[in-house]
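Here is a short tour for a reader meeting this structure without any background. Look over the sequence and the model, then read on.

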Amino acid sequence: MATQKIPLELTVNGEARQALVHPMARLLDVIREDFGLTGTKEGCGEGECGACSVILDGSLVNACLVPAVQAQGSTLRTVEGLAGVDLSPLQEAFLHHGGAQCGFCTPGMLVAGTHLLETDAVQDEAKAREGLSGNLCRCTGYVKIVDALLAAREGRS
Amino acid sequence: MRGQPSLCDVLTPQSLQEALSLRVAHPEARPLAGGTDLMVPFAAGRLPDRLFLNLWGLEELRGITVSDGEVTCGALTLFREIAVHPLMQREFPNLVRSAKVTGALAIQSRGSLGGNIANGSPAADTPPSLLVYGSELQLTSLRGSRWVPYADFHTGYKRSLLAPDELITLIRLARLGDGGFHYFRKVGTRQAQAISKVSLAAWARTGNGQIQELRIALGSVAPMPIRARGAEKALLGRSVTNPPLDAALEALQADISPIDDLRSSAQFRRKVAGNLLADMLRGLVSA
């Protein structure tokens with residue numbers, strides 16, 4: 001027997017949003033299917049790959065592992081919220097350094113990278129690599145991604 | 001089959017008291033903390049539970065409290081909070097290291113100490129450290145609270161002393177003071193995100209050239225996280241510079257009972273557990 005849906009209210013990329021969802025729905029599915037924000041990707045669906053990285057109440061989380069009910073009243077940032085009128089410095093740096101190849105990990109990399117920059121967790125290359133260790137990329141070999149992150153930290157593109 | 005959120009319901013208490021009442025009224029409701037463990041089998045359709053008790057919002061279960069003699073962590077203390085806590089870094093480095101190798105940042109921002117314990121995985125990263133620090137758990141129900149040594153908590157594979165009406169509420173660590181030797185090493189497929197094949201934590205105190213106090217615990221080598229009491233006994237009171245390594249290794253092999261599974265083989269685990277013990281003792285000599 002199907003259970004009752006709950007009204008979920010969130011601030012998504014600065015905007016108040018609502019959805020009627022099952023409480024154990026994955027936040028990832030709410031983001032993609034209810035809010036129509038398909039930048040957040042599903043890779044492994046079990047918290048290994050980081051493709052679904054989002055910033056929830058200031059913390060970096062895997063949206064595939066958060067039940068919707070636990071996001072009630074939260075502030076959520078997805079990859080769609082990173083750019084203003086212009087691309088963010090990190091997005092510019094990804095372009096400049098070739099940090100994206102097939103592109104599937106890129107939204108998660110950008111969200112995780114943004115979180116690391118905002119929490120001052122990119123002091124050096126080792127820290128950058130540690131910070132991104134939950135985000136898998138099968139194309140780039142990570143060098144260009146780490147270069148982009150370090151460049152963005154130094155205010156270079 | 002994928003998980004079916006449409007068949008599942010969630011109870012969200014506003015206080016610990018309400019959570020404990022719901023534990024009695026709905027003993028079938030599975031307690032749910034940060035979700036980093038449970039959401040994986042849930043999404044894959046491998047979790048039989050249809051009702052969950054959402055503990056995430058309970059402020060009473062959060063926070064690290066330091067007093068003269070002990071440190072107390074709420075069950076919802078996140079790995080990330082442990083990893084960046086200055087006193088934890090200074091006095092309980094094994095716990096900090098094991099928190100830092102639990103998944104990666106996004107897991108550490110959501111996964112909790114109480115959840116890690118309650119989930120009961122023999123491969124969990126923090127339990128060996130909790131064992132060597134002699135931690136205790138507070139289990140609470142409407143009947144009251146009781147403290148149990150963490151070493152007694154797991155009674156078998158995914159089985160524990162937790163009664164159906166209880167929740168883990170606090171984890172208490174006695175402060176050990178300075179001068180101890182701390183060792184933690186996890187062997188997995190890669191540095192980040194890996195589930196351990198073998199992990200070993202140790203804490204020791206030496207004096208007069210002897211190993212005066214020693215606790216050793218391992219993960220992924222038995223149905224639950226275990227103390228290696230035989231190996232401890234073989235080494236206690238013995239020389240720091242020339243410990244009876246062979247006897248300790250032999251005792252360790254009797255302490256553990258690893259299995260073949262998808263992450264490793266029993267044979268590999270036996271070999272690596274011995275290597276980690278030897279590595280720990282080398283560290284102790286040069287400490």
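## Two domains in chain A

In chain A, the C-alpha centres of domain 1 and domain 2 are 21 Å apart. Domain 1 of chain A covers 6–81. Domain 2 of chain A covers 89–153. The model is predicted.

The two domains touch. Domain 1 of chain A puts 13 residues into the contact, and domain 2 of chain A puts in 11 residues. On the domain 1 side, strand 3 of chain A (residues 53–56) gives the most, with 3 residues. By class, that side of domain 1 of chain A holds 7 nonpolar, 5 polar and 1 charged residues.

## Helix 5 of chain A

Which residues of helix 5 of chain A are buried? Helix 5 of chain A spans residues 143–153. Its buried residues are Ile145(A), Val146(A), Asp147(A), Ala148(A), Leu149(A), Ala152(A) and Arg153(A). Both Asp147(A) and Arg153(A) are on that list.

The cover over these buried residues includes three helices of chain A: helix 2 (89–97), helix 3 (106–118) and helix 4 (125–131). Just after helix 5 of chain A comes Gly155(A), with a positive phi of about 75°.

## A residue on helix 2 of chain A

Glu92(A) sits in helix 2 of chain A. Why does Glu92(A) count as partly exposed? Glu92(A) has 17 C-beta neighbours inside 10 Å, so it counts as partly exposed. A buried residue needs 20 or more.

Glu92(A) and Arg32(A) are 60 residues apart along the chain. Their C-alpha atoms are separated by 25 Å.

## Where the chains meet

Chain A and chain B touch as well. How many residues does each chain bring? Chain B brings 25 residues and chain A brings 26 residues.

On the chain B side, four elements of chain B give two or more residues each: strand 1 (9–11), helix 2 (39–43), strand 3 (51–54) and helix 6 (105–108). The chain B side divides into 14 nonpolar, 9 polar and 2 charged residues.

## The build of chain B

Chain B has 12 helices and 14 strands. Its C-alpha atoms fill a box of roughly 60 × 45 × 30 Å along the principal axes. A compact globule of 287 residues would have a radius of gyration near 19 Å, and chain B agrees because its own value is 19 Å.

Of the 287 residues in chain B, 50% are buried. Among contacts in chain B between residues at least 6 apart in sequence, 62% join residues at least 24 apart.

## The nonpolar core

In soluble globular proteins, nonpolar side chains tend to be buried together. Here the largest nonpolar core has 128 residues. Leu200(B) and Ala273(B) have the most contacts inside that core.

What does Leu200(B) contact, leaving aside neighbours within four places in sequence? Its partners are Pro128(B), Arg185(B), Ile216(B), Leu218(B), Ala273(B), Leu276(B), Leu277(B) and Met280(B).

## Strand 10 of chain B

Strand 10 of chain B runs over residues 167–174 and is mostly covered, with 6 of its 8 residues buried. Strand 10 of chain B pairs with strand 5 of chain B (residues 70–74). That pairing is antiparallel and has 5 bridges. Within it, Val71(B) has Leu173(B) as its bridge partner.

Strand 6 of chain B (residues 136–141) also runs antiparallel to strand 10 of chain B, joined by 5 bridges. Here the bridge partner of Leu137(B) is Ile171(B).

## Two loops with positive phi

Lys158(B) is not a glycine, yet its phi is positive, near 60°. Lys158(B) lies in the loop between strand 8 (154–156) and strand 9 (159–160) of chain B. Lys158(B) counts as partly exposed because it has 13 C-beta neighbours inside 10 Å.

Asn208(B) also has a positive phi, near 55°, and is also a residue other than glycine. Its loop lies between strand 12 (198–207) and strand 13 (210–219) of chain B. Is Asn208(B) buried or exposed? With 7 C-beta neighbours inside 10 Å, Asn208(B) counts as exposed.

Key. Residues numbered from 1 in each chain as written. Chains lettered and ligands numbered in written order. Predicted model: local features only at pLDDT ≥ 70, side-chain atom pairs only at ≥ 80, totals over all residues. Core = buried A, V, L, I, M, F, W, Y, C linked by C-beta atoms within 7 Å. Buried ≥ 20, exposed ≤ 12 C-beta atoms within 10 Å, placed from the backbone. Contact = placed C-beta atoms within 7 Å. Nonpolar A, V, L, I, M, F, W, Y, C, P; charged D, E, K, R; others polar. Domains from an automatic or database assignment. Rg over C-alpha atoms; globule rule 2.2 N^0.38 Å. Pairing = 2+ DSSP bridges.
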